[in-house]
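Thanks for coming. I will take a few minutes to go through one model, and please hold questions until the end.

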Amino acid sequence: MSLSISTNVLSLHAQRRASAAGEDIARTISRLSSGLRINGAKDDAAGLAISDRMTSSLNGLNQAGRNINDAASMLQVADGAMAQVTENLQRLRQLAVQGGSSSFSSSDREALQQEAREILASITEIGTNTEFNGEAVFSQDLGSIGGDKAKRAVIDGLKSGGWLTQSEKLISKYYGIQGDGANLRIDLDALNDGPSNVLAYVAWPNLMMALDMSDFTLTGTADGGDGLDRIVAHEMVHAVMYRDTGMNLPGWFIEGAAELIHGADDRVRGATNNGATAATTAFVADFENSVYAGGFAATRYMHDQLKEMGVEGGIKGIMTYLGDNRGNTLTQALNAVTNGAIADEAAFVADFKANGVDYIQNVMNLNNADTGAIGGLDADGGPERDARSVIPDGSDRPPDKPLAGFNVVFPETSSTTAMRKVQIQVGANATDHIEISLSAMNAGALGLDGLDLRRTSIAIRHIDEALAFVSNQRTSVGASSKRLEIAASAAAISSENLAASRSRIVDTDYAAETAALTRAQILQQAGTAMVAQANNVPRTVLSLLR
């Protein structure tokens, strides 16, 4: 090794080593004092990037846990409110059942109705005023679970109002015919030609009763008043006659029989100018082309003629014969039940045209309240059957099976309220969220606004539908609460594991760092001593210069 005094390589080396040991000491002391292995990007650039991503996820998970707790509290508020709604509905149902007893006076029923109104107001108040953190908990939508109100009212009349049930009973009683169990589909959309045109029709062979909703609008009457129930009765005659008699019959008889079941004196009164001779004469002469009014007058005349001939039930004898001999004609029926006294349809038509004017003017009473329906005061000397009472109210059959002779297929009219969507962030990522749906809870949304306890069966059915809806909503809220509980547990586990992973990257290992500090301190001290030794090496050159 050469000796030099200009450059002391040994000193430089010792200094570098001492300096490196000092840097190690500074880094180790920084780690020990901060508790972090990475205090800057230079400590571990890749580790810093990884730990930052982990920190973002960890912060997100921790916040998600708080979000979940808030959402769980909101759902508890919602469930508590719906529990109150359920209690109110149960009381409302109790009142509806109580009102079904005929022992109550009108004032008693009004008291029940008043309490019902207060209960409905309370339900609406709950749905409107229930809040969490200043926000309404439930949707404020006005849509109803009952769907379109007009359609629902018509379905109520068909199911529980007696429109179908009472019509079938009258047909069975006065005509002796009935359905054979076939499906009868009710359609509220197929016919829409505007008010006062075609009101309804029955189509076959795939039996369907179409009702025009522009004509079927209930206004202040529980059962269709003096019109809608009669229209249904008319169409029911067509349905039963098609299934039992085969309808191989003239149009005036088909429509006349349908009118006779509920009476059509008002039609005849209008067509004859209240029985005026000239108008009545023209009307009778052309009755076959006036299928409703003319058909009614002719079948009413036939009914009286048959009774005079001893045919039990009058026109019922014709109908039962046609039911027993499906597909036979009116000629065959008249000849058979009268033993040839009325030879055929033509003979009857000629008889009516000869005697119809006198019959309308002197036998039919077009000005009293009775409608002229079969079995009523005018037609058979029975009780007066006016426009309101000719089809009795109410049904003693299950709402979904109002007919004994047909399987009625009702249209789907129920709907639902719009939901308030609440999105809960339950994780660190953008897609980690749960959506909670909360429906409206006001009386209108539950399909109970305008609830009339006097219509007991309809009221109970509507309340039951509301109870089922609220129950389903509580079930949904309970399921959402359980889902949040699972999400909270998952977030906590993920947070714990992620914190452990990040700790292994960024936290100081005190055992290793204290050992490293001791090593660095020894190296620094040794380096300092070696610098001193190395600085003495050039002095040996003096011995060569002596």
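First, the ground rules. This is a predicted model, in which local features need pLDDT of at least 70 and side-chain atom pairs count only at pLDDT 80 or more, while totals for chains, interfaces and linings use all residues. Residues are numbered from 1 along each chain as its sequence is written, and side-chain values use heavy atoms, with hydrogens and water left out. Helices (H or I, at least four residues) and strands (E, at least two) are DSSP runs, numbered from the N terminus.

Start with helix α5, residues 163–175, and helix α6, residues 228–245. They pack at an angle of about 55°, with their axes 9 Å apart. The axes are lines fitted to C-alpha atoms, for helices over the stretch in contact, and angles run from 0 to 180 degrees between N-to-C directions. Angles under 35 degrees count as roughly parallel, over 145 as roughly antiparallel, 65 to 115 as roughly perpendicular and the rest as oblique. So α5 and α6 are oblique to each other. The crossing of α5 past α6 is right-handed; that term applies if the near helix is turned clockwise from the far one by less than a right angle, and left-handed if anticlockwise.

Which residues of α5 meet α6? On the α5 side they are Trp163, Leu164, Ser167, Glu168, Ile171 and Tyr175. On the α6 side they are Leu228, Asp229, Val232, Ala233, Met236, Val237 and Val240. By class, the contact of α5 with α6 has 10 nonpolar residues, one polar and two charged. Here Ala, Val, Leu, Ile, Met, Phe, Trp, Tyr, Cys and Pro count as nonpolar, Asp, Glu, Lys and Arg as charged, and the others, Gly among them, as polar. Contact means heavy atoms within 4.5 Å.

Take Met236 in α6. Met236 is buried, at a relative accessible area of 0%. Buried means under 20% relative accessible area, exposed over 50%, and partly exposed in between, with a 1.4 Å probe and protein chains only. Leaving aside neighbours within four places in sequence, Met236 is in contact with Leu164, Ser167, Glu168, Ile171, Leu184, Met209, Leu403 and Phe406. Met209 is 27 residues from Met236 in sequence, and their C-alpha atoms are 8.4 Å apart.

The second pair is helix α7, residues 251–260, with helix α10, residues 293–308. The angle is about 80° and the axes are 7 Å apart, so α7 and α10 are roughly perpendicular to each other. From α7 the contact uses Trp252, Phe253, Gly256, Ala257, Glu259 and Leu260, and from α10 Gly295, Phe296, Ala298, Thr299, Arg300 and Met302. That contact of α7 with α10 has seven nonpolar, three polar and two charged residues. As for cover, nine of the 10 residues of α7 are buried, including Glu255 and Glu259.

Also in α10 is Asp304. Asp304 is buried, with a relative accessible area of 14%. Neighbours within four places aside, Asp304 is in contact with Tyr359, Val363 and Ala379.

Now the cores. A nonpolar core is a set of buried Ala, Val, Leu, Ile, Met, Phe, Trp, Tyr and Cys residues joined through side-chain atoms within 4.5 Å. The largest has 77 residues, and Leu158, Tyr175, Met236, Phe253, Met302 and Ile318 touch the most other members. Helix α6 gives the most to this core, with 10 residues. Another core, of 43 residues, lies apart from it, and Ile119, Leu120, Ile424 and Met441 are among them. As background, nonpolar side chains tend to be buried together in soluble globular proteins.

Last, some backbone details in the loops. The peptide bond from Trp204 to Pro205 is cis, with omega near 15°. Pro205 sits in the loop between β4 (200–203) and β5 (208–211).

Are they buried or exposed? Asn133, in the loop between β1 (131–132) and β2 (135–136), counts as exposed at 73% relative accessibility. Met247, in the loop between α6 and α7, counts as buried at 11%.

That is the list.
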